[in-house]
Amino acid sequence: GDHRDLHSFPTRRSSDLKNGRKAETANGSVLNEKPMAGATCKSIFSKRKRGIITMKKKLAVMALAAATLSMMAMPVYADDLVTVGYAQVGHESDWRTANTQNYQDVFSEDAGYSLDLVDCDNDNAAQLEAVRTFISKDMDYIVIAPIQSAGWDTVLQEAQDAGIPVIIADREIEASDDLYDAWVGTNTTNEGITAGNWLAEYLGDKDANILVIEGSVGASAALGRTEGFNQVAGEHDNWKILDSQSGDFTQAGGQEVMESFIKSYEGQFNVVICQNDNEAYGAMDAMDAAGITYGVDGDVTLISFDATHDGLQYTLDGKINCDVECNPIQAEVVKGVIEKMQAGEEFEKTTLVEDQAFVAPGIESEYATTMTDEVLAGRAY
Ligand code: GYE
């Protein structure tokens, strides 16, 4: 609560002014001393010449003072940057890489920030450790993209006790909203519902025998997409989910799960749902190797999530039928919240980043945009 009042941009500006004044004083005293010393020293030069030398000395002294001032000022400026610790999930997917890049671009020193981004490599314990390190460093703000949705109460309480505002980003947590200050992210349950609605529209009355490659176990992005899709699936008596396994949001994981699905269900499935694009790349490799066709001209309808650049390229190529977007460009929104906190203004407790969906050429959908070269070229990630 009070923390944000202690860290405001007005404070930063006034401390800049203070340093400027200090430097002026130092500058002034240097200039007062040196010419006096010059005037009393014996010299073979004429008064006029001595005057010139004194002026040169003055200039040299001023230059020295300016250099000293800039040397003094630089570290002071660095201290005035707003420090933000970002406990990032890891580097499991193209989505994640885009999200990391976005934070590095937005929370730049030029923008007044010092960003400490920790890649937690999808390790829950490492992420808790990262947050505790941010607390011990007394960062101005902590941003967490929670690997798992559960288990946050203790460390969030610690951050609150230390007076450090916490913004939960990207994924959701199961904790009282008193324990964090704001949330910014996407509605992954809606993404799952969109996938289900699109499939219903696409298949009409046809049966669906579905295999699901889920995201990381315990991640809200996986839980939400599963829940949303299952809501729609529950309305269709002729849809059957044959199996649902985690591919950990990675390409290798997607391939491994798809290989084992093919062993168990070859010839029995006509829909594969991958909860992110990287898993879809792995699943495509596994189906290619087994001679199973997919996409608009194939036997298997392939649905993916994220709509990253490569995912949409595959959609444009007709290999992925439908790619439901999850927008990783979230740092600007987080920065907006932090700026309001800095200024002591009211800020949104939750901000939803909007998503859309994309389908392969030849598919028309009320739920999705049909891919074209222009659509792909206009994408930001
Ligand atoms: O879909 C996946 C990433 O949390 C929404 O995490 C994010 C998910 C995203 O690894 O690719």
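How many bridges pair strand β1 with β2, and in which sense do the two strands run? In this predicted model, β1 (residues 82–88) and β2 are joined over seven bridges, and the pairing is parallel. Within this pair, A87 has V118 of β2 as its bridge partner.

The two strands belong to an open sheet of six strands, whose order is β2-β1-β3-β4-β5-β11 and whose pairing is parallel. The edges are taken by β2 (113–119) and β11 (350–352); each has a single partner strand, so one side of each is left without a neighbour in the sheet. From one strand to the next, the twist averages 15°. Helix α4 lies across β1, β2, β3 (141–144) and β4 (166–170), and runs at about 175° to β1.

Helix α4 also has a helical neighbour to consider. Two packed helices are described by the angle between their axes and the distance between the axes. For α4 (residues 94–106) and α12 (residues 331–343), the angle is about 45° and the axes are 9 Å apart. The two helices, α4 and α12, are therefore oblique to each other. On the α4 side the contact involves N102, Y103 and V106, which meet A331, E332, V334 and K335 in α12.

Helix α5 (residues 124–136) packs with helix α6 (residues 153–161) at an angle of about 10°, and their axes are 10 Å apart. That angle makes α5 roughly parallel to α6. Here L128, V131, R132 and I135 of α5 meet T154, V155, E158 and A159 of α6.

Turning to the other sheet described here, seven strands form an open arrangement in the order β7-β6-β8-β9-β10-β12-β13, with mixed pairing. Its edge strands are β7 (239–246) and β13 (369–370), each of which pairs on one side only. Strand β6 (residues 208–214) runs parallel to β7, and seven bridges join the two. Along this pair, E214 stands opposite S246 in β7. Helix α9 (residues 251–265) packs on this sheet, where it touches β6, β7 and β8 (271–274), and its direction makes about 150° with that of β6. Helix α10 (residues 277–290) packs on the sheet as well, touching β6, β8, β9 (301–306) and β10 (322–325); the direction of α10 makes about 155° with that of β9.

And what of the ligand? The residues around the ligand are E92, S93, W95, R96, D170, R171, A221, R225, F249, N276, D306 and C326. An N or O atom in the side chain of E92 is 2.4 Å from an oxygen atom of the ligand. For D306, a polar side-chain atom lies 2.6 Å from a ligand oxygen, and for N276 the corresponding distance is 2.8 Å. The protein covers 100% of the 300 Å² of accessible area that the ligand has on its own.

Conventions. Residues are numbered from 1 along each chain as its sequence is written. This is a predicted model: local features need pLDDT of at least 70, side-chain atom pairs count only at pLDDT 80 or more; totals for chains, interfaces and linings use all residues. Side-chain values use heavy atoms; hydrogens and water are left out. Two strands pair if DSSP finds at least two bridges between them. Helices (H or I, at least four residues) and strands (E, at least two) are DSSP runs, numbered from the N terminus. Contact means heavy atoms within 4.5 Å. Axes are lines fitted to C-alpha atoms, for helices over the stretch in contact, and angles run from 0 to 180 degrees between N-to-C directions. A residue is near a molecule or strand if one of its heavy atoms lies within 4 Å of it. A polar contact is a pair of N or O atoms within 3.5 Å; within protein, one must be able to donate a hydrogen and the other to accept it, and residues adjacent in sequence count only if both atoms are side-chain atoms. Accessible areas come from the Shrake-Rupley method with a 1.4 Å probe; for residues, only the protein chains shown count as cover. Angles under 35 degrees count as roughly parallel, over 145 as roughly antiparallel, 65 to 115 as roughly perpendicular and the rest as oblique.
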